Amino acid sequence: MPRYFFDTQDGEAVADAEGVELPDLAAAQIEAVRLAGELLREHAEQFWLTRIFSVSVTDAQGAAQFVITIAGARTPSRGHVATQTGR
Amino acid sequence: MRHPLIVKLERRDGLSPHEHQILEDATSSVETFAANADIVREGDVADHSCLILEGWTTRSKTLADGRRQITAFHIPGDFVDLHSFLLKPMDHTITALTPCRMAMTPHTALRRISEEHPHLTRMLWLSTLIDAAIHREWLVAIGRLSAAAHLAHLLCELYLRLEVVGLAKDHRFEFPVTQTVLADALGLSTVHVNRVVQELRRDGLVAWRGTHVTIKDWEALVRLAEFDPTYLNLAPRPR
């Protein structure tokens, strides 16, 4: 089975030194979404410090395969609501 | 080797020589199972309960889409389906994680113990209560702990349980799981499990080679896991 490496960036970059063997690219894509979901759940507060979160997946040769990016941004000021919440 | 059930129970309260004999007689019929064999399947109506003499088993449920949740790891001295004496049919599956030697204990023998030996009955009841306490801790861990803390909690628990039956010491033990099995027990993706294993290693909390685990910094692992062993009831007292 091919080996895939899952590097993450959520303010702190974490490189995957070992990788995980998975049947194919489609399986790696599903695992990456699960990993992203689990990490976001765990680091909900941290996310807003950087407002960016990504999982980048490479194969055993180091070739980039795909990336999942989650971005958070405040919506433009909408007067009334923005004043009330102080944002 | 001493009988692992007797060792496990005596950690919680002493047993008389007569009680030793009763347990040894009840658990004298031994069967072996290959790794990955189902020992009891969901839906089975058993007429005996299985005590592990050697090896590891899992309790698990498998969903319609094939995903599996492991709800317990069991080790020697654990009566994996003592409850099947009273709860029929089985509501989950018990699978050998490694080759296992199991004492197949007839329910007729358990019935006799429950009718004639009240202290021994309480001790068997205690063992199912400890299993339930472990399930509660797993529920908290799976619902609320971070992945790293959850894995740390599992390692602390297994070390203490294995130490009771003489299968761990000096912070070393064998943990015969793949990362896929671990992912099914922790309710996490395999990739995430791989990541937290690397994290615990990198932070110097554990060394983990193949199935051999060494806890390098017990205090730090306990702190990370918020591990409190009270639920394992490891102190001997009259019961």
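Reply: Of the 87 residues of chain A, 34% count as buried, meaning under 20% relative accessible area with a 1.4 Å probe and protein chains only. This is a predicted model: local features need pLDDT of at least 70, side-chain atom pairs count only at pLDDT 80 or more, and totals for chains, interfaces and linings use all residues. Residues are numbered from 1 along each chain as its sequence is written, chains are lettered from A and ligands numbered from 1 in the order written, and side-chain values use heavy atoms, without hydrogens and water.

Chain A has 3 helices and 5 strands (DSSP runs: H or I of at least four residues, E of at least two, numbered from the N terminus). Their order from the N terminus is β-β-β-α-α-β-β-α.

Now the interface. Here 16 residues of chain A contact 15 residues of chain B (heavy atoms within 4.5 Å). The buried area is about 1400 Å², with 45% from carbon and sulfur atoms; this is the accessible area, 1.4 Å probe, that the two parts lose on being put together, summed over both. Glu18(A), Glu38(A) and Glu42(A) supply 35% of the area that chain A buries against chain B, more than any other three residues.

Glu18(A) also forms a salt bridge with Arg201(B), at 2.4 Å, N to O (a side-chain nitrogen of Lys or Arg within 4 Å of a carboxyl oxygen of Asp or Glu). The count between the two chains is 1 salt bridge. Strand E1 (3–9) and helix H1 (25–42) of chain A each supply at least two residues of the touching side. H1(A) gives the most, with 7 residues.

Technical notes. Buried < 20%, exposed > 50% of the residue type's maximum accessible area, 1.4 Å probe, protein only.
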